[in-house]
Amino acid sequence: FWTELASVDLSGGDATSISSGTITAKKYLWFQLYTQQTVDSNYKITFNSDTGTNYTWRNSNNGGTDFTGTSDTSTTIRSITANLPLFHNMFILNNSAQEKLGISNTVMQNTAGAGTAPQRRETVHKWANTSSQITNITITSGSGNLDSGTFLKVWGSN
């Protein structure tokens, strides 16, 4: 069902962002992001280099209270603790004439060892673009760098 559209990693060194580059427009998108970081950060996700106030999101950490962002310049993935990796999966409905809706899950390592459960975040996303499909995904660190070992993979399907 899924066709790989992009596979990018930072094996060459640290960077403030990672991008899929230009990908083929597909009706459904799935991307995975694995980050290693040295500082706590909000990771900003933009589509097609759009930094206008066209993004809205809602998330919950470990089943707790919802947090929302409306009329934002990006949607977000939040790292809770510095020096701990996170793994993120996002699925997106990518119809050209409709707002792009996404749902994602993030797992963060938390304190090392079997005595501490990982942390989780559930997020829903909306990109209020009704004139084109997503053909680029860029993740930018809000503070510090994404470290070597970070990767982004994107798949698509019609």
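Predicted model: local features only at pLDDT ≥ 70, side-chain atom pairs only at ≥ 80, totals over all residues.
The description begins with the eight-stranded sheet. This sheet is open, its pairing is antiparallel, and its strands follow the order β1-β12-β3-β8-β9-β10-β5-β6. At its edges stand β1, covering residues 3-9, and β6, covering residues 66-72, and each of these pairs on one side only. From one strand to the next, the twist averages 15 degrees. Within this sheet, β9 (residues 100-108) and β10 (residues 119-127) run antiparallel and are joined by nine bridges. One point of reference along that pairing is S104, whose bridge partner in β10 is T123.

Strand β5, which spans residues 55-61, contains S60. Is S60 buried or exposed? Its relative accessibility is 9%, and because buried means under 20%, S60 counts as buried. Leaving out residues up to four places away in sequence, S60 touches T65, D66, R120, R121 and E122. The pair S60 and R120 is separated by 60 residues in sequence, while their C-alpha atoms are 8.4 Å apart in space.

The other sheet to be considered has four strands. It too is described as open, with antiparallel pairing, and its order is β2-β11-β4-β7. The edge positions belong to β2 (17-19) and β7 (75-78); each has a single partner strand, so one side of each is left without a neighbour in the sheet. Neighbouring strands of this sheet are turned against each other by 20 degrees on average, direction ignored. Strands β4 and β11 run antiparallel and are connected by five bridges; in β11, S141 is the bridge partner of Y43.

The loop between β4 and β5 holds N48, and S49 also lies in the loop between β4 and β5. Most residues other than glycine have a negative phi. N48, however, has a positive phi near 50 degrees without being a glycine, and S49, likewise not a glycine, has a positive phi of about 60 degrees. As to accessibility, N48 counts as partly exposed at 25% relative accessibility, whereas S49 counts as exposed at 58%.

The largest nonpolar core has 24 residues, of which F31, I45, F47, I137, I139 and V154 touch the most other members. Two or more residues of this core come from each of β1, β3 (28-35), β4 (42-47), β8 (86-93), β11 (137-141) and β12 (151-157). Which residues does F47 contact beyond its neighbours within four places in sequence? They are Y55, M90, I92, W127, I134, N136 and I137.

The lining of the second largest cavity consists of F47, T75, M90, I92, K100, L101, G102, H125, K126 and W127. The elements that give two or more residues to this lining are β8, β9 and β10.

Key. Residues numbered from 1 in each chain as written. Heavy atoms only, no water. Pairing = 2+ DSSP bridges. Axes fitted to C-alpha atoms, helices over the stretch in contact; angles between N-to-C directions. Core = buried A, V, L, I, M, F, W, Y, C linked by side-chain atoms within 4.5 Å. Buried < 20%, exposed > 50% of the residue type's maximum accessible area, 1.4 Å probe, protein only. Contact = heavy atoms within 4.5 Å. 1 Å grid on protein atoms, 1.4 Å probe; cavity = no way out; pocket = protein on both sides within 12 Å on 5 of 7 lines; lining within 4 Å.
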